[in-house]
Protein chains: 2
Amino acid sequence: MKPTHIEHIGIAVKDLKEAIPFFEKVYGLECYAVEEVVDQKVKTAFFKVGDTKIELLESTDPEGPIGKFIEKKGEGIHHMAFAVENLAEKLKFVEEQGVRLIDKAPRKGAEGLNIGFLHPKSTFGVLTELCEDPTK
Amino acid sequence: MKPTHIEHIGIAVKDLKEAIPFFEKVYGLECYAVEEVVDQKVKTAFFKVGDTKIELLESTDPEGPIGKFIEKKGEGIHHMAFAVENLAEKLKFVEEQGVRLIDKAPRKGAEGLNIGFLHPKSTFGVLTELCEDPTK
């Protein structure tokens with residue numbers, strides 16, 4: 001299912017107001033968008049590095065997935081995402097290979113992408129997202 | 001210190017003999033190199049995805065950094081690496097910004113790169129590596 005590139009790396013942070021200026025000042029990256037994803041209970045901030053985005057994730061609810069992640073493990077890398085074409089087919093293919101899916105079918109993610117998550121128990125502990133750009 | 005791209009994502013795995021065929025069969029990526037980095041007590045396997053590499057890391061010693069990481073946290077994403085130019089200057093710059101360095105000066109990493117690690121306590125829990133290609 002060869003991905004074209006790493007679409008993004010998701011990093012859980014406690015406070016975007018601290019993290020955004022750090023990524024801008026220390027790494028020289030520009031935050032080009034901040035977006036709330038209500039059903040994921042997160043506020044996200046995006047930076048571009050080559051082909052790949054860094055997506056900072058601040059929880060808007062301690063009971064949401066990022067809130068629970070930070071409570072359990074602290075801040076840090078939360079997931080990585082591959083850019084793929086034909087997402088629905090790719091999810092089916094990886095499931096046929098024995099991978100447990102979190103999302104059996106594509107759903108809407110940040111930035112208008114269609115997304116699906118694979119379960120980290122099937123993927124060497126790496127919470128892995130597949131992303132498809134529906135405009136391409 | 002704007003990085004040009006994400007050089008690689010490092011993933012700690014227990015057994016390359018299981019992980020390599022998974023990344024090849026399920027994700028359709030090709031393992032183009034396996035290399036032992038003796039001073040880091042790891043065996044590494046590399047895959048290319050767009051501009052970025054995935055570096056799988058198997059510990060060769062339970063007391064090495066990857067052995068300890070897996071014992072404490074299990075398999076999963078271990079670090080991310082930015083590609084930069086003028087690594088020595090960049091390490092100095094980030095230190096001046098208040099970031100704690102693991103490596104005060106560049107040292108040799110896998111694939112002939114010069115590398116330096118930033119301490120995750122300074123970088124929102126993300127073990128962050130800066131890499132410079134000395135041939136460029």
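This report walks through a predicted model of two protein chains, from the interface between them to a few individual residues.

**How the two chains meet**

Let us start with the contact between the partners. On chain A, 42 residues are in contact with 42 residues of chain B. Together the two chains bury about 3,300 Å² between them, and carbon and sulfur atoms give 72% of that area.

How many salt bridges does the rule find across the interface of chain A and chain B? The count there is 0. Polar contacts do occur, with 6 residue pairs found across the interface of chain A and chain B, both residues of each pair being at pLDDT 80 or more.

Several elements of chain A give two or more residues to the side that touches chain B: the strands β1 (5-13), β3 (42-49), β4 (52-59) and β5 (76-83), along with the helices α1 (16-25) and α3 (87-96). The largest share, 6 residues, comes from β1(A). Sorted by class, this side of chain A has 24 nonpolar, 12 polar and 6 charged residues.

**How the copies are related**

A rotation of 180°, with 0.0 Å of shift along its axis, superposes chain A on chain B with an RMSD of 0.0 Å. That is the relation of a two-fold axis. The same surface serves both copies, as 100% of the contact residues of chain A recur in chain B.

**The annotated domain**

For chain A, an unreviewed UniProt entry lists residues 5-133 as "domain: VOC". In the model, this span of chain A is 22% helix and 40% strand, and its end C-alpha atoms lie 12 Å apart.

**A salt bridge within chain A**

Over all chains, the structure holds 12 salt bridges. One of them joins A:Glu7 and A:Lys53, whose closest N and O atoms are 2.6 Å apart. Because A:Glu7 lies in strand β1 of chain A and A:Lys53 in strand β4 of chain A, the pair ties together parts that are 46 residues apart in sequence. As background, side chains of opposite charge can pair when their charged atoms come close.

**A look at B:Ser59**

Over in chain B, B:Ser59 is found in strand β4 (residues 52-59). Leaving aside residues up to four places away in sequence, B:Ser59 touches B:Val13, B:Lys41, B:Val42, B:Ile66 and B:Gly67. Its C-alpha atom is separated by 27 Å from that of B:His5, a residue 54 residues apart from B:Ser59 along the chain.

| Side chain | Backbone atom reached | Distance |
|---|---|---|
| B:Ser59 | oxygen of B:Asp61 | 2.7 Å |
| B:Ser59 | nitrogen of B:Gly67 | 3.2 Å |

Notes: Residues are numbered from 1 along each chain as its sequence is written. Chains are lettered from A and ligands numbered from 1 in the order in which they are written. This is a predicted model: local features need pLDDT of at least 70, side-chain atom pairs count only at pLDDT 80 or more; totals for chains, interfaces and linings use all residues. Side-chain values use heavy atoms; hydrogens and water are left out. Contact means heavy atoms within 4.5 Å. Buried area is the accessible area (1.4 Å probe) that two parts lose on being put together, summed over both. A salt bridge is a side-chain nitrogen of Lys or Arg within 4 Å of a carboxyl oxygen of Asp or Glu. A polar contact is a pair of N or O atoms within 3.5 Å; within protein, one must be able to donate a hydrogen and the other to accept it, and residues adjacent in sequence count only if both atoms are side-chain atoms. Helices (H or I, at least four residues) and strands (E, at least two) are DSSP runs, numbered from the N terminus. Ala, Val, Leu, Ile, Met, Phe, Trp, Tyr, Cys and Pro count as nonpolar, Asp, Glu, Lys and Arg as charged, and the others, Gly among them, as polar. Copies are superposed by least squares on the C-alpha atoms of residues with pLDDT of at least 70 in both. UniProt positions are given in the numbering used here, feature names are shortened, and annotations may be inferred rather than shown by experiment.
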